[in-house]
Amino acid sequence: MTTHQIQANQHTQHMISFEQVNKWYGSYHALADVNANVAKGEVVVICGPSGSGKSTLIRTVNRLEQIQKGHIAFDGQDIYAPKLDLNHFRARVGFVFQSFNLFPHLSVLENIVIAPVNVRRSRRSDARIQALELLERVGLVAKADAYPGQLSGGQQQRVAIARALAMDPPAMLFDEPTSALDPEMVGEVLQVMKQLARDGMTMMCVTHEMGFAREVADHIWFMDQGRIVETGTPEDFFLNPQSERAKKFLSDLRSH
Amino acid sequence: MITDIFHILQDNWILLLIGQYPNGPLGGLAITLLLSVAGLALAFPVSILLALGRISPFAILRAPAAVVIYTVRGVPLVMFIFWVYFFIPLLIGTTISGFTTMLVTVVLYEAAYLAEVIRAGIEGIPHGQTEAARALGMGYGQTMFKIVLPQALYNMLPAMVSQFVSTIKETSLGYVISVNELTFAANQINSTLLTKPFPVFIMLALIYFALCSMLTQLARWLERRINQQRTGKRNITAVVANVAPTAA
């Protein structure tokens with residue numbers, strides 16, 4: 001398919017599309033022939049064993065990882081187009097990390113306003129109002145003047161989500177957002193993510209929270225050895241997995 | 001002995017403080033302070049540029065930064081002073097004052113050492129910080145100056161203060177090219193008195209000690225303040241850790 005056709009496709013429904021995406025680390029084939037699309041407003045959960053390329057795949061979408069072959073388009077835009085302004089593009093992709101990566105030298109409020117003020121050149125007063133609204137949404141207005149070091153892991157991750165939302169991204173990417181959390185804090189983060197999904201946000205989420213996947217995902221992508229082995233609705237995937245690898249993965253999960 | 005020091009101070013405090021000024025050139029403590037403050041103020045930005053050069057992805061910036069840092073760190077300071085003293089006038093075709101020579105030397109010398117401290121500080125910041133900033137659309141400059149450097153400089157504050165303290169002490173080497181600084185003034189007094197070297201140089205040591213410990217205290221206060229702000233309370237462990245003397 002030519003680039004021209006890819007772009008034509010994007011305009012119809014896809015928010016994110018992968019075309020024959022390949023990535024190598026040296027001789028290690030990290031992503032192999034990935035072809036998949038995320039529709040606007042869709043929630044996709046990516047699961048699979050560790051080392052299967054889930055995080056690598058999600059990190060290629062905002063070019064934190066480069067790909068060597070294939071095409072990725074975001075909101076109709078080829079993300080490797082020569083004329084692409086990388087910073088401008090990245091500002092439109094919300095990204096939430098496993099380890100939160102809040103800026104420890106800035107207060108919660110400053111963490112959220114720094115990108116709107118410096119990247120989008122919003123007025124500081126406007127950015128502050130927006131930040132407080134976002135904090136309201138994640139239930140942390142009271143912590144606006146706190147520093148990340150004073151917050152629990154769950155609170156930090158909710159601030160990180162607010163920080164990503166501050167740039168009004170059309171899609172949000174979550175790279176194992178609850179894996180670094182104590183079990184009792186997982187719920188509060190998932191709650192925020194569920195609300196986002198209900199509000200119609202396009203989401204790609206790498207997670208091991210199968211309950212979340214079952215409840216919120218429109219589609220599940222199952223990855224193994226750098227390939228998307230199986231895709232399907234949560235019902236199909238959990239009740240009737242097709243591949244041997246997925247069957248084994250699910251039975252390993254249940255045996256815990 | 002203490003009375004000796006007291007008498008020497010009483011008779012010579014103007015010379016120690018400002019040299020022969022206003023009848024001659026400014027000197028003494030004033031010049032030491034001027035050299036130190038101007039040296040630090042100029043060495044600091046130069047060291048950041050050198051550090052950024054050292055970790056630059058571009059070899060064209062990395063190579064010259066590495067050459068400057070390794071060359072300067074590879075020679076004794078006295079020799080470096082002579083280099084600047086004899087070669088800079090040849091290079092630019094006019095003579096320069098001892099003060100300027102010493103300032104240039106101190107700035108280059110300190111910047112080279114500080115650059116390595118700052119580089120270590122930058123490399124000590126988790127990569128996730130850079131990734132988070134870039135993922136938000138911040139460019140290299142914004143990421144470096146708003147996210148990475150503020151954290152790196154704070155973490156490296158004790159090491160940087162050590163370097164600043166050495167700068168103050170190193171201005172005393174201006175003596176070898178007859179810069180009228182504090183050590184030079186003390187030596188003048190010693191030459192006049194002839195029989196009192198011990199009290200003269202004890203007094204000199206005390207003045208340097210007071211200057212350096214004032215800077216160290218200032219840095220500790222700053223560190224505590226930032227730490228309190230970030231944790232919202234007095235951080236007992238940090239305060240206790242700060243009581244241990246930093247190497248100066």
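A:F222, A:F237, A:F238 and A:F249 come together as one aromatic cluster. That's a handy way into this predicted model, for which the predictor reports an ipTM of 0.91 and a pTM of 0.87. Below are the aromatic pairs in chain A, then a few spots in chain B, then a word on confidence.

**Aromatic pairs in chain A**

- Across all chains, a search of the whole structure turns up twelve aromatic pairs.
- One of them joins A:F74 and A:F89 edge-to-face, with 5.8 Å centre to centre and 80° between the planes.
- This pair ties together distant parts of the chain: A:F74 belongs to strand β4 (residues 69–74) of chain A and A:F89 to helix α3 (residues 86–90) of chain A, 15 residues apart.
- A:F74 has a relative accessibility of 1%, so it counts as buried.
- A:F89 is at 4% relative accessibility and therefore counts as buried too.
- A:F222 and A:F249 make a tilted pair, at 5.2 Å centre to centre and 55° between the planes.
- Here too, distant parts of the chain are linked: A:F222 comes from strand β9 (residues 219–224) of chain A, A:F249 from helix α10 (residues 244–254) of chain A, and they are 27 residues apart.
- Both A:F222 and A:F249 are buried.

**A nonpolar patch on chain B**

- Ten side chains is a lot to keep in view, but the patch is made by B:V78, B:M79, B:F82, B:W83, B:Y85, B:F86, B:F87, B:L90, B:Y175 and B:V176, and covers about 910 Å² of nonpolar surface.
- One of its members, B:F87, sits in helix α4 (residues 77–92) of chain B.

- B:L50 is part of helix α2 (residues 28–54) of chain B.
- Its relative accessible area is 12%, so B:L50 is buried.
- Setting aside neighbours within four places in sequence, B:L50 contacts B:A65, B:V68, B:I69, B:A111, B:A112 and B:A115.
- From B:L50 to B:A38, twelve residues away in sequence, the C-alpha to C-alpha separation is 18 Å.
- B:R73 is found in helix α3 (residues 59–73) of chain B.
- B:R73 has 34% relative accessibility and so counts as partly exposed.
- Not counting residues up to four places away in sequence, B:R73 touches B:A112, B:Y113 and B:E116.
- The C-alpha atoms of B:R73 and B:A112 are 6.8 Å apart, though the two residues are 39 residues apart along the chain.
- B:A112 turns up in both contact lists, that of B:L50 and that of B:R73.

- Chain B has a mean pLDDT of 89, and 93% of its residues reach 70 or more.
- Of the elements in chain B, helix α6 (residues 127–135) of chain B has the highest mean pLDDT, 97, while helix α11 (residues 236–243) of chain B has the lowest, 42.
- Over residues 234–248 of chain B, pLDDT stays under 50, and the model has 16 contacts beyond four places in sequence for that stretch.

Note on methods
Residues numbered from 1 in each chain as written. Chains lettered and ligands numbered in written order. Heavy atoms only, no water. Patch = residues over 30% accessible without salt bridge, like charges linked within 9 Å, V, L, I, M, F, W, Y side chains within 5 Å. Areas by Shrake-Rupley, 256 points an atom, 1.4 Å probe, with all protein chains shown as cover. Salt bridge = Lys/Arg side-chain N within 4 Å of Asp/Glu carboxyl O. Helix = DSSP H or I, 4+ residues; strand = E, 2+ residues; numbered from the N terminus. pLDDT = per-residue confidence, 0-100. Contact = heavy atoms within 4.5 Å. Phe/Tyr/Trp six-rings, centres within 6.5 Å; stacked < 30°, edge-to-face > 60°. Buried < 20%, exposed > 50% of the residue type's maximum accessible area, 1.4 Å probe, protein only.
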